[in-house]
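Good morning, and thank you for joining. Please look at the sequence and the model while I speak.

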Amino acid sequence: MVATGAKRKWLVDSAVQPEDRKRMTGKTVIIGLDGVPYAMIKDFAASGVMPNTARLIDGGFFSPMCSSIPEVSSVAWSSMITGKNPAEHGIFGFMELHANSYRMRFPNYSDLKAAPFWETCEGKSVIINVPSTYPVRPANGVLISGFVSIDFNKSVYPPALIPTLKEFDYRLDVDAAKAHKSMDLFLEDVEQTLQAMIRAARWLWDYCDWRTYMLVFTGTDRLMHFLYDAYEDAAHPHHAAFVNHFRTIDTVVGEIAGRLGDNDRLIMHSDHGFERLDYDVFVNHALTQNGFLNFKPGLESTFENICPGTKAFALDPARIHLNYRDKYPCGTVDPSEAETILRDLEALFAALEIDGRKVIRNIHRKHDVYSGPYIDDAPDLLLIADRGFNLKGKAASDRLYTKGIFTGKHTYDTAFLLAKGCDTSRLPGPPTVSDIVRLFT
Ligand SMILES: [Zn+2]
């Protein structure tokens, strides 16, 4: 990054062997790009939009990567920072139900049941804008929460940093509501949020003698939800703004790479991928239409008004829970019936088509994809959408599918991992988001 203080001295002990030295003295920088797919990074690196990233790709490990299941940021980042799966860290989605209830709650950092790497690794850390780290708790170094953060005063540790961040006009997230008013207003907000974060990130580089520095860009995800079509279409009025966002991020990548020594590690990665959105598909509509889900007549069709006799319901995006009688107030499913219901559900979703296209690519049972002490909280069935379909867990809708303002949607298997100076033989196979910590802890 641009020098804002004394240039960091990279300590090298000449008495130790090169391999040990790497492990013992190297620092780690992690640059997160929320939602950015492997193919987009490859494209921008090859076309000259991201020349600094291209240089890292040339000399480093660059691979597609799988996200968490489901492929939403709260679960994916919780998996990344803990190196665990949802049944170990306890975060299964952006929303959850209270115990023995259909009442919704929104899990946050306090619900994370495994330690993030900065609480167990050696040395100080500077951690900026990692999603699902609100409200902050004390850390050895700096921790600034990413979305969903509500109160600035609970998003910054140490709190003494708050006035400085405010001077930088630091924002906890892009104001996505602006996109519903005007795309120009939205883009202006995305740019201002990015520039403020860069100002803060540059300043924090020299704030303490850190061993791990992590900076997550989340405007990328917001841009792709609203303007994925602008990426694909060079004639789109917002194409240049979309591309320039990545150009700016690449200059930060270049500044950081230029300040690292030979023994340091630089990791860039996304938490999930993205692709063009054709249709939002309402999983609970399919369940209702096929007799698995019923709501109490005469009342609003919300989760709290689920009717006895309901066999299954889906939480966002496609986490299907059986309505077990010992788990939910109106639960009627006996464990002995579970296998039959699961098979019926698998048959229903395997056959689901829209415009002659298969909607669901993969159907997983919880024990196939999760293991750990919180497995009982996990959904019983998890759906992964096929290309172009975005699964939604809205309680009720009057149709199976629709097309809203978004033009892009998350993908499970097209995230990316780029690593320089890391021992990638520590990855257990094709990487997933929960493997990244193996590269630096
Ligand atoms: Zn997103």
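Predicted model: local features only at pLDDT ≥ 70, side-chain atom pairs only at ≥ 80, totals over all residues.

Residues are numbered from 1 along each chain as its sequence is written, and side-chain values use heavy atoms, with hydrogens and water left out.

The protein has 13 helices and 21 strands, taken as DSSP runs (H or I, at least four residues, for helices; E, at least two, for strands) and numbered from the N terminus. Its radius of gyration is 22 Å, close to the 22 Å that the globule rule gives for 441 residues, so the protein is as compact as a globular protein of that length. That radius is taken over C-alpha atoms, and the rule is 2.2 Å times the number of residues to the power 0.38. The C-alpha trace spans about 70 × 50 × 40 Å along its principal axes.

Let me turn to the pockets. A pocket is an open set of points on a 1 Å grid over the protein atoms alone, where a 1.4 Å probe fits, with protein on both sides within 12 Å along at least five of seven lines; lining residues have an atom within 4 Å of a point.

In the largest pocket, 32 residues form the lining, and F94, H225, D316, F406 and H410 lie nearest the centre. At least two lining residues come from each of α9 (219–232), β17 (381–385), β18 (389–392) and β20 (408–411).

The second largest pocket is lined by 18 residues, with E96, L97, H98, A99 and D377 nearest its centre.
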